[in-house]
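Hi,

Here is the structure I promised to pass on.

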Amino acid sequence: MTSAVRSFGLSLPDYPWEAMAPYLARAAAHPGGAVNLSIGTPVDDTPALVQEALRAAANAPGYPTVHGTPALREAIAAWFDRRRGVPGLDPQNVMPTVGSKELVAWLPFLLGLKPGDVVVRPTVAYPTYDIGATFAGAEHVAADDLDELDADTRSRVRLVWVNSPANPTGSVRDADSLKRIVGQARELGAVVASDECYAELGWGEWDVQRGGDPVPSILDPRVAGDSHEGLLAVYSLSKQSNLAGYRAAFVAGDGAIMANLVNSRKHAGMIVPYPVQEAMRVALGDDGHVAAQKDLYRGRRERIVPALERFGLTIHESRAGLYLWATAGEATWDTVGRLADRGIVSGPGVFYGDAGHGFIRVALTATDERIDAAVERLATGP
């Protein structure tokens with residue numbers, strides 16, 4: 001009896017961060033150990049009030065709701081009004097997600113995209129936008145304005161990703177820029193999904209606590225007009241509330257699309273656990289811990305920026321978010337290697353598309369002690 005053996009699994013590119021292994025080893029060999037500024041994972045404590053909310057909701061024997069509890073959805077709508085300039089958001093048009101990355105990866109599929117459809121993402125971008133298009137069998141194209149596309153490609157655009165503030169560049173789209181891309185997409189009947197998870201972390205002209213303007217949302221009336229048709233805003237509490245380990249995020253926007261997403265996710269069992277939903281509800285109602293965490297990041301940023309500049313790096317954009325987008329005018333891996341020899345691990349810009357060549361990404365997500373160690377090493381050498 002013979003049997004045919006088939007291979008199973010998806011054909012995806014290797015996870016890019018595996019290429020960092022030799023540089024991590026070089027940095028770890030430094031006498032003071034490595035200062036890892038490559039991946040933006042929070043290191044500060046989850047706020048005590050959020051931990052307590054999780055504990056208080058720990059007795060959860062029943063299945064949670066995919067759509068989210070009414071109390072959580074009301075808290076999200078109130079947060080959009082208070083913090084994001086989006087009044088009157090219907091809590092029905094809100095849903096929690098298992099972190100924002102899973103939604104980024106699965107949204108093209110859940111929207112029903114198919115081969116021949118086009119997903120547009122920023123020219124320098126988080127790689128999961130492309131992976132999401134691949135899962136749906138759609139094409140992915142890099143562009144920051146739909147007028148950059150040829151007529152055939154433009155006619156097949158079904159989903160446009162906006163990332164403001166952007167990972168990795170820290171660039172911010174103002175309301176006029178967002179309004180322009182919304183208008184372009186609506187002319188084509190395409191959805192605009194805006195990944196906004198760094199919106200509370202603006203610097204300079206976007207630093208609200210220092211007199212700057214709030215980073216605008218895709219759902220802001222200045223952008224969307226009097227309707228959220230064709231628009232989705234994606235947000236995560238990983239950064240502003242140190243909840244990366246909770247996988248706590250949400251999506252809001254177009255009522256018809258949201259209803260379909262809720263239904264599809266019910267079929268697939270894509271559910272945020274009830275204790276996490278309660279932790280999110282409490283976190284969204286407290287602005288104090290968000291401001292305190294931002295103060296920590298601001299201080300780290302203000303110390304490391306001049307140190308990187310003295311080392312010979314030029315900071316580009318980096319107007320918001322947890323990263324510095326920098327270049328030394330040389331190949332990316334040369335800069336990554338020189339920093340590794342000083343015990344500092346940075347993120348290679350080449351991971352974020354062709355336009356990232358020659359750049360590195362430096363994360364602010366390290367303790368004060370590690371940031372100070374990096375500053376010292378940049379000044380004095382290995």
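**Strands and sheet**

Leu159 sits across from Val191 of β6. Before I go on, two notes on how to read this: residues are numbered from 1 along each chain as its sequence is written. The model is predicted, so local features need pLDDT of at least 70 and side-chain atom pairs count only at pLDDT 80 or more, while totals for chains, interfaces and linings use all residues, and side-chain values use heavy atoms, with hydrogens and water left out.

Back to the strands: β5 and β6 run parallel and are joined by 5 bridges. (Two strands pair if DSSP finds at least two bridges between them; helices, H or I with at least four residues, and strands, E with at least two, are DSSP runs numbered from the N terminus.) Both belong to an open sheet of 7 strands with mixed pairing, in the order β2-β8-β7-β6-β5-β3-β4. The edges are β2 (94–98) and β4 (139–142); each has a single partner strand, so one side of each has no neighbour in the sheet. From one strand to the next the twist averages 20°, taking axes as lines fitted to C-alpha atoms and angles from 0 to 180 degrees between N-to-C directions.

**Pockets**

Rolling a probe the size of a water molecule over the atoms shows where empty space is left. A pocket here is an open set of points on a 1 Å grid over the protein atoms alone, where a 1.4 Å probe fits, with protein on both sides within 12 Å along at least five of seven lines; lining residues have an atom within 4 Å of a point. Grid points are joined across faces, edges and corners, and the volume is the space filled by probe spheres set on them.

The largest pocket comes out at about 990 Å³. It is lined by 39 residues, and the closest to its centre are Tyr15, Lys101, Tyr126, Pro127 and Thr128. Helices α4 (99–110), α5 (128–136) and α9 (238–241) each supply at least two lining residues, and α5 gives the most, with 4. By class, the lining has 18 nonpolar, 12 polar and 9 charged residues. (Ala, Val, Leu, Ile, Met, Phe, Trp, Tyr, Cys and Pro count as nonpolar, Asp, Glu, Lys and Arg as charged, and the others, Gly among them, as polar.)

The second largest pocket has a volume of about 290 Å³. Of its 17 lining residues, Pro122, Asp144, Ala166, Thr169 and Ser171 are the closest to the centre. Strand β5 (residues 157–163) provides the largest share of this lining, 3 residues, and the classes split into 7 nonpolar, 6 polar and 4 charged.

**Salt bridges**

Side chains of opposite charge can pair when their charged atoms come close. Counting a side-chain nitrogen of Lys or Arg within 4 Å of a carboxyl oxygen of Asp or Glu as a salt bridge, there are 29 of them.

One is Glu200 with Arg83, where the closest N and O atoms are 2.8 Å apart. That pair links distant parts of the chain, 117 residues apart: Glu200 is in the loop between β6 (191–195) and α8 (221–224), and Arg83 is in helix α3 (residues 70–84). Glu200 counts as buried, at 9% relative accessibility, while Arg83 is partly exposed at 26%. (Buried means under 20% relative accessible area, exposed over 50%, and partly exposed in between, with a 1.4 Å probe and protein chains only.)

Arg319 pairs with Glu205 at 3.0 Å between the closest N and O atoms. Here too the partners are in distant parts of the chain, 114 residues apart, with Arg319 in the loop between β9 (314–316) and β10 (323–327) and Glu205 in the loop between β6 and α8. Arg319 is partly exposed, at 25%. Elsewhere, salt bridges with shared partners join Asp44, Arg300, Arg303, Asp368 and Asp372 into one network.

Most residues other than glycine have a negative phi, and most peptide bonds are trans. So which peptide bonds are cis? One joins Ser164 and Pro165, with omega about -5°, and another runs from Asn167 to Pro168, with omega near 20°. Pro165 lies in the loop between β5 and α7 (175–188), and the place of Pro168 is in the loop between β5 and α7 too.

Asn242, not a glycine, has a positive phi of about 55° and is buried, at 5%. Ser318 has a positive phi near 55° and is buried at 1%; its place is in the loop between β9 and β10.

Cheers
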